[in-house]
Amino acid sequence: MLLELSTWPEIEAYLQRDTSVLIPIGSTEQHGPTGLIGTDAICAQTLARGVGERLGVLVTPTLHIGMAQHHMAFPGTLSLRPETLLAVVRDVIESLSRHGFTHCYFINGHGGNIPVVESAFSAVYAGDPENAPRCRLANWWRLPQVAALARELYGAAEGHHATASEVALSFHTHPEAVKTAPLDPPVAPTGPIFDARDFRRRFPDGRIGSNPALARVEHGARFREVAVQAIAEDFRRFVHAP
Ligand code: NI
C-alpha cells in the first residue's frame with residue numbers, strides 16, 4: 001500500500017488496523033561512470049515496496065535527496081546539508097506521529113545518511129519523551145544476508161561506493177537504464193573520505209573499491225529477494241518488540 005496512491009479515508013482505515021509505516025530514504029549522487037545517480041533512492045524504494053507488499057504495510061513516498069556533500073565535485077549530485085536532512089526526517093516522523101503512527105521504519109540506501117538519520121531519531125525522542133514513535137533505520141547493504149551474497153558474487157570487488165550489489169539492484173529495477181563504460185582500473189582504489197574536492201582527487205571516477213562491471217541484472221533479482229526477506233524479518237521483530 002503506497003501512501004501517495006492512497007486517499008485520506010484509506011489511511012484513516014489503515015490506522016484502525018496498523019500503526020506502522022515504511023519510509024524509503026536514499027540519495028541523489030554520482031555512482032561512478034556506470035552507476036545511476038538515483039541508485040540509492042532506487043534501491044531503497046524497490047526494497048520498501050517489496051517489504052510493504054509482502055507484509056501489507058504502508059509505504060511513504062521515497063526521500064530521494066540525502067546528505068551527499070562528499071559527492072558534490074561530480075555533476076548531478078544533489079545534497080541536503082546535515083541539518084536540513086535532520087529537519088526533514090524529524091518533520092516526516094512527527095507528521096506521521098500526529099496521525100497516530102507508532103512505529104517508523106526507515107529503509108536506507110546511503111551510508112552518508114546514517115549518522116544524520118540516527119540523530120533525527122534522537123531529536124524526536126528528546127522532543128517528546130512520553131509519546132514519540134519508535135524509529136528504526138535498516139541499511140540494506142549491511143544486512144548479513146546481503147553482505148554474504150555480495151561476497152559470494154563479487155568477493156572484494158564489491159567495494160564501498162558504486163558497489164556491484166547496488167548497481168545490480170538498480171539495474172534490475174530499471175533495466176531500461178543499464179549503462180556500460182570503460183572502468184580503469186577495473187577495481188577502484190579505496191581510502192578515507194573527507195570533503196568533496198579531496199574525494200574526487202582520491203577517487204577520480206567516483207567509485208571506491210568496487211568493480212560494478214561485475215553487476216548483472218539477474219543478480220539484482222537475487223539481492224532484492226534476499227534483502228526483502230531479511231528486512232521483513234527485522235521489521236516484524238521491531239514492531240513486536242515489547
Ligand atoms: Ni550508493
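Q: Let's start with two residues: are His31 and Glu166 buried or exposed?
A: Buried means under 20% relative accessible area, exposed over 50%, and partly exposed in between (1.4 Å probe, protein chains only). Here both His31 and Glu166 are buried. Keep in mind that this is a predicted model, where local features need pLDDT of at least 70 and side-chain atom pairs count only at pLDDT 80 or more, while totals for chains, interfaces and linings use all residues. Residues are numbered from 1 along each chain as its sequence is written, and side-chain values use heavy atoms, with hydrogens and water left out.

Q: Which residues are the protein donors of the nickel ion?
A: Donors are N, O and S atoms within 2.8 Å of the metal (3.2 Å for Na, K and Ca); water is not among the atoms, so sites may look incomplete. In this model they are His31 (NE2), Asp40 (OD) and Glu166 (OE), lying 1.9 to 2.1 Å from the nickel ion. His31 is in the loop between strand S1 (20-25) and helix H2 (39-55), and Glu166 is in helix H6 (residues 164-173), 135 residues apart. Helices (H or I, at least four residues) and strands (E, at least two) are DSSP runs, numbered from the N terminus.

Q: In what order do the strands form the open sheet?
A: Two strands pair if DSSP finds at least two bridges between them. Here 4 strands line up as S2-S1-S3-S4, with parallel pairing. Strands S2 (58-59) and S4 (134-139) are at the edges with a single partner strand each, so one side of each has no neighbour in the sheet.

Q: How many bridges join S3 to S4?
A: There are 6, and Cys104 stands opposite Cys135 in S4.
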